[in-house]
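Let's take a walk through this structure together. Have the sequence and the 3D view open, and we'll go one piece at a time.

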Amino acid sequence: MNIENTQSQMRKGILEFCILSIIRRGEAYPSDIVEEMKASNLNILEGTLYPLLTRLKNADMLTYRWVESNSGPPRKYFSLTDKGLAFFKELEATWNELANAVHKLANKTESMPDSTNQNPTF
Amino acid sequence: MKKVININFHSRVIPIEESAYEILKQYSDSLRKYFANEEGRDEIINDIESRIAELFSEHLKKGANCITDADVTSIINSMGRPEDFEAADADNTMNTSSSAKQQSSTSNQQQYQNTYSYASSGRGKLYRNADDKILGGVCSGLANYLGIDPVIMRIIFVLLFGALLWVYILLWIIVPSQSLQSNVTKRLFRSADDKIIGGVAGGLAAYFNIQIWIPRLIFALPFVLGFGSRIFHFGFWDWDGFSPRFISGGLGGTLFLTYIILWIAVPIATTASEKLEMRGEKVDLNSIANTIKEDLEGFKGRMDKVGTDLKEGAQRFSTEFKTTADEKRKAFSAEMSGRRNYNSGFGHVIGVLFKAFFLFIAGIVAIALFGALIGLLFGGLAVFPLKNFLLAGSTEDLLAWCSLILFLGVPLVALMTWLIRRIVGARSNNHYLGYVFASLWVIGLVCTIVLFSMFARSFRTRDFVEEDVTIAQPVKGKLLIDVMNGRKSHHYYSREWYGINWDNDWPLYGDNYDTLLLNTVRVNLVKSKDSSFHVHRLKFSRGRTQAEAQFLAKKINFDVEQQDSILLLPNGFGISQHEKFRNQQLLLVIEVPIGKKIEIAGSITNYNWFTINFNHRNGFNIRDYDESDDWGDAYRWHSNTEYVMTKDGLERTNKNYKDDEDNNNEDDDNNKITTPAPKNNGGYRYKSNTDSSKEKNKKDSIKQKKSTKEKTKEATTTIDKPVAKVDNNEQVSSPVYLLATLFQ
C-alpha cells in the first residue's frame, strides 16, 4: 500500500469543493485561486487547476468573463452559477457529514469488544 | 552565447532563448498529449499557455532581456508537469468514482511516457525505405516492417542470391517507397574499437552479447586449420575460381567469404549513439555519457601507449557531450533514428555496381519484352488482311480485335507507362492503374484463348470430294504434267498483296482483294487398272462440321487443261473471303497404265502442300507433305524425269540415275520403290464417301499402315530390302499387318 496514493486520493476528493468554496466568496482568477489554496496550506498545481475549472465550466457550474489587463493577455475571471451554488451546498453537506464521521471514528479511544468473551451464537 | 529568437506567444512578442523555446515547445506538446482525450482540451491548454505568457511578460517587465532556460523551467515547475497532475478526469458528468480517476490518470500518464519512447512508424504497411537504401531500399523496408536490422536482411538476400533475386526485383517494382524512420533498437554494426581486421567479430559479439573471442574463434579456426592443411595439399597456385583453393575450400572458405561480406555490408559504429545501438542499449543522455566514458577509458588506455594526451580525450568528450545533449533536446525520436549515412566507400561502390547491373538486366528484359510485343502487334496487323479469310462470323472478329488490343496492346501500354513513370519519378500511392492493366490483360488473355479454340474448331473435321477429270489419251503414250504460267488462266498471282511482299515460300498468294490463292496441290501417280490414263481430282477441306468441310471442298476450283500430251495444271486455286481458309488441299491422282510413260515437270515443285492438324493430344501443328498424305498406292517420283509404268511400278526410262537433278522435296530414296498390291478390291481405296465414318476408319488404318511401312522402310535404308519386300509379299505384309493391328 502506497501512502502517497491514499493521500492523493484524499486530496482529489476535496479539491472541487475547495475551489468552489473560494469562488463562492467572489469572482476569482485562477492564479488567485492558487494563492488562496497555498495560503490555506493546500498546494495545487496550476496544471491541475485549469482542467478542473474548465470541466466545472463545461458542466455549467462556473461562468467566466474576460477582463482586459495591461500587463499581459486578457484574464478569465470565474464566478459561480446558480447550479454551481446548489452543487456547492450539496457538497458542503456531504463534507460536513464526512468530517463528523471521520472525526468521531478517528478520536474514539475505547477499545473494541473482546471477541473471545462472547458466547458463540448458533 | 546562446541564440535568442522572438516568438509570438498569445499575441505577445517574447524574446526567448532558442533552447528555452525548445523546452517550452516540449512542454506544450506533452500537455497536448496528456489532454488528448479531454473535452475542452484546447481551452485548457490555451489557459495554461496564456498564464505562461503572462508570467513571461511580468518577467520581462521586471527587467530581463529575454526568457532563459531557467525561467522556462521554473515556470513549468510551478505549473506542474503532466505526470504530476491530479484529478485528471475523463468523465465529465462529475459522477466520478475514484477508480475511474485512477484509471484515466494512469492511462494518460502512459500516453505521456510513450511520447518519450522510440517512435515506431509505419509498422503496419510494407514500404521501401527511401532514406536507407543501397539499391532500392527493399531490404531496409522489409527489415523495418519486420522489426529487424536491415543489414541482416541484406545478408540474407545476398546469401540466397539466386532464389531471392527475383523476389528483390519484384519487390523493388511493386512496393512503394517512403521515408521510414528506423524502428530497431539493436542494430548490427562493426565495432570501431574492437577491431583487428575489420571489427566484424567485435560487432557480432556486441550484437549477440557474447564474448569477443567467440566470433573470432569461429572465423579464424577453420580458416587457420584449413589453411594449414590445404597449403600442404594444394599449394599456393591451385586456384578455384576466384581465389586460391586453400582459402576458398571448405568451411574456412565459407566463413572467409562471410567475413568479407559482413565487412562490406555492415556499417561501422562510429558515433556514441551508434555504439549504443550496436549493443542494444537505450540511447539517452546517461548511457551516451557512459559510453563515451568507456570509450574514453579504452581510448586513453591505448593512447597511453602511444603517448598522446588527455586534451584530445577531453575535447572529444565535451564536444560529443554537447552535441548529444543538443540532440536530446530536440525532438527525441526524430533525431535518434534519423538518417544513417553509409559512408563506407567500399560498400558504396559495390552497391553502385550491383545497382547498375540490376538495372542493366532489367533494362534488357524490358527491351526484349517491348520488342516482342511490338513485333507481335505489327505481325498481327500485317496478317490483318488475312483475317477475313481465317475468321468466320462476327464473334470471332470481335474476339480477334479484343485479343489483339488487350492481350498485346495492354502490356505494351503498361510497360511504356511504367517506364515513363520511372523516368519521370512520379510516384503513386495506389496501384489501381496496375490492377486495371492487369485485369484488362487477363480479359485479353481469355479472349485470345476463346478465339483460338473457336478458330481451331473450324478446322476440326476434314472431308474431301472426288471428281473425275476427263482427259484425252495422249497419242504418243506419254503424258507430261506441267503447270500453267503466265496470264493464261484467270488465276494469277501478284507478288504484292495488301502491301505485303510474298515470296515463293509462302503457300499463299493474293489474287485480288477478295480472293486468296492457295497452291496446296499435290500430284500422285498410281498404276492404272486398265490401259488408259485417268485423272482424278481429290479436293480436301477442313471445316467445323463434316457438311461444311465437304461444302468447302466442293468449292475448290482446279480446272486442268490439256494440250495433247501435256496436262496443264493451274498454279493454284482460289478461295474467297466467303469460303474462308480452311486448309483446302487438292490432290491430283494420275493413273498411268502399264507401258505408258509419264513425266512431271519441275514447275510442279512450286506447289506447297501442307496440312494443318489439330487434335486434342498433340495440339496444333502444320505438317509439310509426307507420305501419309499419299493416297492409295502412290509412287514416288522425281521431277523432270521420265518414267515408265511397269507392272512393278514406276521405272525411270533413263537408267543412269546417279546424277539426278533432284529439285523437289521428295526423299532422296531409290527409284524402284514399290508398294504391295492393294489388299482390298483392286481399285483405289478412296472412293466418294457414302459412309464417311467407315471411310474414315479405313483411311485411318491405311494411314497407320503407311506409317508403319514407312517406319520399316526407314529402318532399312539399304537398297536391297525393298526388293526382298517385293519377293515376299505375304511375309512382309503380315508383320506390317501385325504392327498395324497393334497400333489400332
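Start at the N terminus of chain A and follow its elements along: they run α-α-α-β-β-α. That makes 4 helices and 2 strands in this chain. Keep in mind as you look that this is a predicted model. Chain A has 122 residues, and 23% of them count as buried. If you take the contacts in chain A between residues at least 6 apart in sequence, 39% of those join residues at least 24 apart.

Now look at where chain A meets chain B. The contact draws on 22 residues from chain A and 31 residues from chain B. Sorted by class, the chain A side that touches chain B comes out as 8 nonpolar, 9 polar and 5 charged residues.

Over in chain B, there's a sheet to find. It's an open one of 4 strands, in the order β9-β16-β20-β15 (chain B), and the pairing is mixed. At the edges sit β9 (461-469) and β15 (521-527) of chain B, each pairing on one side only. From one strand to the next, the twist averages 20 degrees.

Strands of a sheet pair through backbone hydrogen bonds, parallel or antiparallel. For β16 (residues 534-543) and β20 (residues 585-592) of chain B, the sense is antiparallel, over 7 bridges. To spot one pairing, find Lys539(B): its bridge partner in β20(B) is Leu586(B). Finally, helix α20 (residues 546-554) of chain B lies across β9 and β16 of chain B, at about 35 degrees to β9(B).

Technical notes
Residues are numbered from 1 along each chain as its sequence is written. Chains are lettered from A and ligands numbered from 1 in the order in which they are written. This is a predicted model: local features need pLDDT of at least 70, side-chain atom pairs count only at pLDDT 80 or more; totals for chains, interfaces and linings use all residues. Two residues are in contact if their C-beta atoms, placed from the backbone, lie within 7 Å. Ala, Val, Leu, Ile, Met, Phe, Trp, Tyr, Cys and Pro count as nonpolar, Asp, Glu, Lys and Arg as charged, and the others, Gly among them, as polar. A residue is buried if 20 or more other C-beta atoms lie within 10 Å of its own, exposed if 12 or fewer, and partly exposed in between; C-beta atoms are placed from the backbone. Two strands pair if DSSP finds at least two bridges between them. Axes are lines fitted to C-alpha atoms, for helices over the stretch in contact, and angles run from 0 to 180 degrees between N-to-C directions.
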